[in-house]
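I opened this notebook to record what I looked up in the structure.

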Amino acid sequence: MKFTAEQIAGILEGEVVGNPNAEVYQLSKIEEGKDGSLTFLSNPKYNSYIYTTEASITIVNKTFVPENEIKTTLIKVEDAYLSFTKLLEFYDQVKGQKDGIEQPSVISDSVTYGDNFYLGSFSYIGNNVKIGDDVKIYPNCYIGDNVKIGNNVTLYSGAKIYSETEIGNQCKIHSGTIIGSDGFGFAPNPDGSFKKIPQIGNVVIEDDVEIGSCTTIDRATMGSTIIRKGVKLDNQVQVAHNVEIGENTVIAAQTGIAGSTKIGKNAMIGGQVGIAGHLTIGNNVRIQAQSGVGRNIKDNEVLQGSPTFGYNDFSKSYVHFKNLPKIITELEELKKQILNTKNVNNG
């Protein structure tokens with residue numbers, strides 16, 4: 001699908017400087033721009049590429065004034081980065097305009113779904129599933145019984161949604177993600193073996209949530225595992241049974257959250273963080289990558305380390321961590337000097 005500079009400027013409420021009929025059909029980085037591609041310039045670090053790029057159209061800030069001759073057609077906007085993001089969203093919507101039920105697929109007679117529904121081939125939808133409008137379910141997906149899915153939801157290929165899961169509006173769930181599998185619940189027997197505790201709860205995902213590939217969210221033992229509105233989970237995140245993640249919290253890859261821990265609003269959690277169970281993590285908390293959390297965290301704390309402690313304290317201490325061998329050597333020398341001084345005084 002091709003778009004002209006004039007059409008793109010209309011979408012972005014921008015001004016064309018150059019050829020309004022210049023056409024593009026693909027996106028590119030400014031340094032890799034080719035004829036027929038659209039790019040953007042917002043970081044002054046990349047200004048030099050505007051004079052060499054082969055991209056047909058470049059989105060720039062209104063304040064940009066070229067210092068040399070350029071070949072690319074410009075679209076001037078208030079904020080080039082935000083405008084390019086808006087264009088990516090538009091492109092993603094256009095690209096995803098599929099509908100209909102492909103075969104082979106299995107869909108129960110008791111399923112209800114709204115307008116503009118798409119179901120990819122080799123997918124399965126169980127009994128009493130309710131699906132809203134503009135839902136796209138790509139091939140090889142599994143939807144268990146009694147699942148509820150809101151409007152404008154996308155499940156990418158290979159997503160698995162276990163029974164009783166509830167998914168809100170405007171959610172994206174990427175390939176390989178499993179939602180609603182059993183929580184890790186086992187009781188020890190006298191002989192040392194373990195007896196499985198039935199996991200009879202569910203998972204509730206609120207609106208505007210995005211979940212990366214191969215992430216797993218376990219169903220609650222009883223009640224619900226809850227992912228609140230606006231949460232963004234990276235790839236390969238493990239969320240255990242009865243966890244609650246507050247609104248607009250973001251969590252990077254390979255983080256694991258043990259059972260029944262509650263995380264507040266607007267938290268930012270780096271990659272490979274381990275969080276123990278039955279904890280309360282406050283609002284606006286920042287946890288640096290590879291940290292280990294084993295205690296409750298108050299609002300607005302910034303943490304690093306394993307076990308974690310204050311980020312500023314960690315940064316100051318790290319200088320000394322690196323110099324520990326030198327510091328120990330110096331302490332040993334001081335110890336010898338003190339002993340020698342004592343011996344001389346005693347003599």
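**Entry 1: salt bridges.** I counted six salt bridges, taking a salt bridge as a side-chain nitrogen of Lys or Arg within 4 Å of a carboxyl oxygen of Asp or Glu. I worked on a predicted model, where local features need pLDDT of at least 70, side-chain atom pairs count only at pLDDT 80 or more, and totals for chains, interfaces and linings use all residues. Residues are numbered from 1 along each chain as its sequence is written, and side-chain values use heavy atoms, with hydrogens and water left out.

I looked up glutamate 54 and found it bridged to lysine 71, with the closest N and O atoms 2.9 Å apart. This pair links distant parts of the chain, 17 residues apart: glutamate 54 lies in the loop between β5 (37–41) and β6 (57–61), and lysine 71 in the loop between β6 and β7 (73–77). I took strands as DSSP runs (E, at least two residues) and helices likewise (H or I, at least four), numbered from the N terminus. Glutamate 54 is partly exposed because its relative accessible area is 43%, whereas lysine 71, at 60%, counts as exposed. The classes are buried under 20%, exposed over 50% and partly exposed in between (1.4 Å probe, protein chains only).

I then noted the bridge between glutamate 301 and arginine 295, at 3.7 Å from N to O. Glutamate 301 is partly exposed at 21%, and arginine 295 is partly exposed at 35%. Salt bridges with shared partners also join Glu206, Arg228 and Glu244 into one network.

**Entry 2: helix packing.** I examined helix α1 (residues 5–12) and helix α2 (residues 80–95), whose axes come within 10 Å and cross at roughly 105 degrees. The axes are lines fitted to C-alpha atoms over the stretch in contact, with angles from 0 to 180 degrees between N-to-C directions. That angle makes α1 roughly perpendicular to α2, a label covering 65 to 115 degrees. Ile8, Ile11 and Leu12 of α1 make the contact with Ser83, Lys86, Leu87 and Phe90 of α2, contact being heavy atoms within 4.5 Å.

**Entry 3: aspartate 115.** I located aspartate 115 in the loop between β9 (106–107) and β10 (118–119). Aspartate 115 is exposed, at 53% relative accessibility. Leaving out residues up to four places away in sequence, aspartate 115 touches Asp133 and Asp134. Asparagine 151 is 36 residues from aspartate 115 in sequence and 9.5 Å away in space, C-alpha to C-alpha.

Note on methods
Parallel < 35°, antiparallel > 145°, perpendicular 65-115°, else oblique.
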